[in-house]
Amino acid sequence: MERQPLDVAIVGGGAAGLSAALVLGRARRRVVVIDAGAPRNAPAAHMQGFLSRDGMPPADLLRAARAEVRRYGVELLEDRVIDATAGFGLRLAGGPAVEARHVLLATGAVDVLPDVPGARERWARDLLHCPYCHGWEVRDQPLGVLGTGPGSVEHAHLLRQWSDDVILFTHTMSVTDHELATLAARGIAVVDGAVERLVVGDDRLRAVELADGRTVERAALFIRPALRGHRDGPAAALGCELDPEGLVRVTADGRTTVPGVWAAGNAANPRAQVITAAGEGSAVAITINTELVDEDVAAVARRATAATAA
């Protein structure tokens, strides 16, 4: 017999995807989660701000979540979607194609780091992005903000909440006179000049070295990284509209521009933390299930009408 399409295929097995899978599995839907195994927060030793899970390593959260969704019959595939067609068919890199009535894109996004030696190695350790995620752990220490463009001054003001010793390294950006005045008023120093590299010793950030040879001691450096979506991923293959950064455009309830395709978490929302992504996945899953119920009711009505007509 020909296999019937699954109810929902979830692409991405992070917090958003697994949270949606939990809701849909408990709703007795036939669900598959296709996970390429590259979560955005993989370099981080711990995640913060997740109620009841504060400080838990991200890998531990995913391990527990996978075990939970399996209890409700959710199928987990360690694979990668390499093509997708409306309808919806998902072609995988290492397994048979998957067909589903609805698709939820929870593919996350990628942080684009500055081209500074040491940045990649120190990322999520003492080169950090989110004060709400990491500020408490480096509170009252000498901190820096690497200027990367719009928002870096605001980032420095925000970080001042956690330390009295904050320096903005202008690097490749310019700062207006008004911005300089506000920074000075809050005791935030400004160091001009391009950053050459991060100075590391004993597996810790020790200082920021500038192109002119100056070094400034810092215990942690924050940036506001550019976040990029997967422009060549399944969202594009399915015809979903993307924003200039490659993130999926969605409505407030997670609908993309393609009926039957949804998105949650960092795939659509660059500001979503782990707990936010999990919440979005749960909310979108409930909406998807409601759509499936409506489709089931409509299908029964069509069959009843056809039988009456016959």
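Q: Which residues does Thr256 touch, not counting residues up to four places away in sequence?
A: This is a predicted model, in which local features need pLDDT of at least 70, side-chain atom pairs count only at pLDDT 80 or more, and totals for chains, interfaces and linings use all residues. Residues are numbered from 1 along each chain as its sequence is written, and side-chain values use heavy atoms, with hydrogens and water left out. Contact means heavy atoms within 4.5 Å. On that basis the residues touched by Thr256 are Cys240, Val248, Arg249, Val250, Val261, Trp262 and Ala263.

Q: Which backbone atoms does the side chain of Thr256 reach, and at what distances?
A: A polar contact is a pair of N or O atoms within 3.5 Å; within protein, one must be able to donate a hydrogen and the other to accept it, and residues adjacent in sequence count only if both atoms are side-chain atoms. The Thr256 side chain reaches the backbone nitrogen of Val258 at 3.1 Å. It also reaches the backbone oxygen of Val261, at 2.8 Å.

Q: Is Thr256 buried or exposed?
A: Thr256 is found in the loop between α7 (234–237) and β17 (261–263). Helices (H or I, at least four residues) and strands (E, at least two) are DSSP runs, numbered from the N terminus. Buried means under 20% relative accessible area, exposed over 50%, and partly exposed in between (1.4 Å probe, protein chains only). With a relative accessible area of 10%, Thr256 is buried.

Q: Is Ser52 buried or exposed?
A: Ser52 sits in the loop between β2 (31–35) and α2 (58–70). Its phi is near 75 degrees, a positive value in a residue other than glycine. The relative accessibility of Ser52 is 61%, so it counts as exposed.

Q: Is Ala124 buried or exposed?
A: Ala124 lies in the loop between α3 (119–122) and β8 (127–128). Although Ala124 is not a glycine, it has a positive phi of about 70 degrees. Its relative accessibility is 18%, so Ala124 counts as buried.

Q: How is α5 oriented relative to α6?
A: The axes of helix α5 (residues 152–159) and helix α6 (residues 177–185) come within 11 Å and cross at roughly 10 degrees. Angles under 35 degrees count as roughly parallel, over 145 as roughly antiparallel, 65 to 115 as roughly perpendicular and the rest as oblique. The crossing angle of roughly 10 degrees therefore makes α5, relative to α6, roughly parallel.

Q: Which residues of α6 do Val153, Ala156 and His157 in α5 meet?
A: The residues of this contact of α5 with α6 divide into three nonpolar, two polar and one charged. On the α6 side they are Glu179, Thr182 and Leu183.

Q: How many helices and strands are in the chain?
A: The C-alpha trace spans about 85 × 35 × 35 Å along its principal axes. Buried residues make up 46% of the 310 residues. The chain has eight helices and 17 strands.

Notes
Axes fitted to C-alpha atoms, helices over the stretch in contact; angles between N-to-C directions. Nonpolar A, V, L, I, M, F, W, Y, C, P; charged D, E, K, R; others polar.
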